[in-house]
Amino acid sequence: MKLYKTDAIVLSDSDLGDQDKIITLLSHRYGKIRAVAKGARRLKSRFAPAMQMLSYVTAVLYKSKRIEVDTFNECKINSSFLGIRNELLRLAYGYYSIELIMKCVHGAETPPFLFDLVLKILFLLEKIPKESLPVLMRSFELRMLTILGYRPYLAGCVECHQKVEKNRRVFFSGYEGGILCANCSKEKRGKLVSFETIQWMKFLRTVSLDKLANLKLSHRVSEELKIIPKSYIPHRVGEEVLSYTFIETVQALETEVETAKKTSSPSTETRVSWIDQE
Amino acid sequence: MYTVKSINKLVKEFSNLPGIGEKSAQRLVFFISRTSKEYGKRLIEAIREVMEKVKYCSVCGSVTESDPCPICQDRTRDKSIICVVEEPWDVFVFEKTGKFRGLYHVLGGAISPTKGMNPQDINIGGLLKRVKTHKIREVILATDPNTDGQATALYIAKLLKGRGISVTRLGMGLPVGGDLEFADEDTLSHALEGRRAM
């Protein structure tokens, strides 16, 4: 058995028997790891607080030669991201980013700068103004996809490689993996997007993350960029990112709360469509 | 290969239980085969009774033998306070303390978006109906102190905002018999927020 130390972000946990937990981590040096935290289900466990999804920890683990699951020896919390945990919308985005990593990253072949990117995104998620959360997530998605080799093709039409010009109609296809020109879209069925949206996709891949809070996207561009989580990523990963629905549910609830606050007395009840329909 | 059909059948049934693998199932079956006939009968009777009598309370969602459950029917309980828990067994844990005299609401799980559990999949609708139709003064959110429990509590708190109800979350802090040295920042900050005069 070999002991090793690494910085890591807790991605998920599942129960193992009555006392233990199996934790999935994104580590700085060893990619995605699974490790057993002995006694982590006990209330007084020294591991329990560090084993929460979204925690940034420094862990000392035993590497077993026989099995693929390692064992925690020590674990220190560097940040619990309380700013994310204490606000519903930020937490919904936190869930989404963790699920993206769970579904897109496989095994140990992860470059350390992916870990750095995820960590930076989580720190920003804690403090960035709420209205900038969607643009932060789009930038994260595009950067992560680029690092992992899933970058959408934006240089021209995926089919005929014709360059996209400002005044021409542009389509985007999650299935095809990038832009389609008007001719090729007839057969491949892409979604009509504005030229501006394509420019934003290119820009969000490279812009400094610290400048994201100052960016203002038009409503149309914001809506069109949703094609990345809704169509592009599911086609690349091969399955839906389930927590995106939760972001939409929370956004709808927040809008309803805001509307209720603005339009009438403080005691007015918030109408929640899926409950009120019952 | 020599096998005993009846043993295999029971091993297969036991290994369907959560946390029980084939080896554990075999151990259980061999224990049962060696034990007295009386014990076997009592076990069968206990399982049959649970299957026939236990149901979910139509008001709070807890497990019960009568609907509504004895807690919901109890006139001495404070009907203006609802304690929201994730699972039916959480009710038993609270009842063991003997400190809570209000009513319960069992959600039947927690919001866990990465596992596909959204607000629509747990019994939040039932809670909202109870809040609308009864005079509720306080809702205590006693979901688990983990990320999913927190998401569930935040969602319900937002939903109940503006209804004139006091929404509280169960206190979080240092466990009895714990060591301050090993407390993490999250636990300590909660413990500090929830400190009380002595």
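Q: How many Å separate the centres of domain 1 of chain A and domain 2 of chain A?
A: The separation is 30 Å, taken over C-alpha atoms. This comes from a predicted model.

Q: What are the bounds of the two domains of chain A?
A: Domain 1 of chain A runs over 2-80, and domain 2 of chain A over 84-247. Those bounds come from an automatic or database domain assignment.

Q: How many residues does each domain of chain A put into the contact?
A: Domain 1 of chain A gives 20 residues and domain 2 of chain A gives 19. Each has heavy atoms within 4.5 Å of the other domain, so they count as in contact.

Q: What area do domain 1 of chain A and domain 2 of chain A bury between them?
A: About 1,700 Å², with 73% of it on carbon and sulfur atoms.

Q: Which three residues supply more than any other three of the area that domain 1 of chain A buries against domain 2 of chain A?
A: His28(A), Lys32(A) and Leu54(A), which supply 36% of that area.

Q: Which strand gives the largest share of the side of domain 1 of chain A that touches domain 2 of chain A?
A: β1(A), with 6 residues. By class, that side of domain 1 of chain A has 9 nonpolar, 9 polar and 2 charged residues.

Q: How many residues of chain B and chain A are in contact?
A: 34 residues of chain B are in contact with 36 residues of chain A. The two chains bury about 3,100 Å² between them, 61% of it on carbon and sulfur atoms.

Q: Why is the pair Lys158(B) and Glu254(A) called a salt bridge?
A: The N to O distance between their side chains is 2.7 Å. The cut-off is 4 Å, between a Lys or Arg nitrogen and an Asp or Glu carboxyl oxygen, so the pair qualifies.

Q: Which helix supplies the largest share of the side of chain B that touches chain A?
A: α7(B), with 8 residues. The residues of that side of chain B divide into 12 nonpolar, 12 polar and 10 charged.

Methods:
Residues numbered from 1 in each chain as written. Chains lettered and ligands numbered in written order. Predicted model: local features only at pLDDT ≥ 70, side-chain atom pairs only at ≥ 80, totals over all residues. Heavy atoms only, no water. Buried area = accessible area lost by both parts, 1.4 Å probe. Helix = DSSP H or I, 4+ residues; strand = E, 2+ residues; numbered from the N terminus. Nonpolar A, V, L, I, M, F, W, Y, C, P; charged D, E, K, R; others polar.
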